Amino acid sequence: MRLESESLAARNRRSGLVVADVTAEQILEIYVIREALDGIAARQAAHFHSPVDIATLERINEALAAASAAGEYERMATLNVEFHTALARASRNEMLQRFV
């Protein structure tokens, strides 16, 4: 399975496939990679964006600010993913979108 090959899941005899343990070091490594990908997405989006892309990013950013002010942390997490997905989409780079 793909999740197993990427070390995101592990087989357990009794419960089948389970989410693999992730160390603090692995989380930091993921953030370093995400930071680089987000930078690439932002640079490409700056060149290839449409007015619709800008409006979408502004809408998400405003919703994120409102969720933050209200202490809606689950909503903030959802909007964060939505923002980064929209930014990658605005880059017009299909391969980058797959990684984000």
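Which side chains meet in a salt bridge at 3.1 Å, N to O? They are those of Arg-59 and Glu-82. A salt bridge here is a side-chain nitrogen of Lys or Arg within 4 Å of a carboxyl oxygen of Asp or Glu. Arg-59 sits in helix H3 and Glu-82 in helix H4, so the pair ties together parts that are 23 residues apart in sequence.

This is a predicted model, in which local features need pLDDT of at least 70, side-chain atom pairs count only at pLDDT 80 or more, and totals for chains, interfaces and linings use all residues. Residues are numbered from 1 along each chain as its sequence is written, and side-chain values use heavy atoms, with hydrogens and water left out.

**Confidence**

pLDDT is the predictor's confidence in each residue, from 0 to 100. The chain averages 92. A score of at least 70 is reached by 96% of the residues. Confidence is lowest in helix H1 (residues 2-5), with a mean of 69. It is highest in H3, at 98. Where pLDDT is low, the predicted coordinates should not be read in detail. Helices (H or I, at least four residues) and strands (E, at least two) are DSSP runs, numbered from the N terminus.

**The salt bridges**

The search of the whole structure finds three salt bridges.

| Pair | N to O distance |
|---|---|
| Asp-38 and Arg-34 | 3.8 Å |
| Asp-53 and Arg-92 | 2.7 Å |
| Arg-59 and Glu-82 | 3.1 Å |

Burial can be stated for each partner. Buried means under 20% relative accessible area, exposed over 50%, and partly exposed in between (1.4 Å probe, protein chains only).

Take Asp-38 and Arg-34. Both lie in helix H2 (residues 24-48), four residues apart, which is about one turn of the helix. In general, an α-helix has 3.6 residues a turn, so residues three or four places apart point the same way. Asp-38 counts as buried, at 17% relative accessibility. Arg-34 is partly exposed, with 27%.

Next comes the bridge of Asp-53 with Arg-92. This pair links distant parts of the chain, 39 residues apart. Asp-53 is in helix H3 (residues 51-69), while Arg-92 is in the loop between helix H4 (73-90) and helix H5 (94-99). Asp-53 is buried, at 12% relative accessible area. Arg-92 counts as partly exposed, at 43%.

In the remaining pair, Arg-59 is partly exposed at 45% relative accessibility. Glu-82 is also partly exposed, with a relative accessible area of 29%.

**Around Asp-53 and Ala-90**

Contact means heavy atoms within 4.5 Å. Not counting residues up to four places away in sequence, Asp-53 touches Phe-48, Ala-90 and Arg-92. Ala-90 lies in helix H4. At 0% relative accessibility, Ala-90 counts as buried. The C-alpha atoms of Ala-90 and Asp-53 are separated by 5.9 Å, although the two residues are 37 residues apart along the chain. Leaving aside neighbours within four places in sequence, Ala-90 is in contact with Gln-44, Ala-45, Phe-48, His-49 and Asp-53.

How does the span of H2 compare with expectation? The expected span of a helix is 1.5 Å times one less than its number of residues. For the 25 residues of H2 this gives 36 Å, and the end C-alpha atoms are 36 Å apart, which agrees. Leu-37, Asp-38, Ala-41 and Ala-45 of H2 are buried. H4 and H5 are among the parts that cover the buried residues of H2.

A nonpolar core is a set of buried Ala, Val, Leu, Ile, Met, Phe, Trp, Tyr and Cys residues joined through side-chain atoms within 4.5 Å. The largest one has eleven residues, including Leu-37, Leu-57, Leu-79, Ala-90 and Leu-96. H2, H3 and H4 each supply at least two of its residues. H4 gives the most, with four. Leu-96 is in contact with Leu-37, Ile-40, Ala-41, Gln-44 and Ser-91, leaving aside its neighbours within four places in sequence.

**The hairpin**

Two strands pair if DSSP finds at least two bridges between them. Strand E1 (residues 9-12) and strand E2 (residues 16-19) pair in the antiparallel sense over four bridges. Three residues lie between them in this hairpin. Leu-17 in E2 is the bridge partner of Arg-11.
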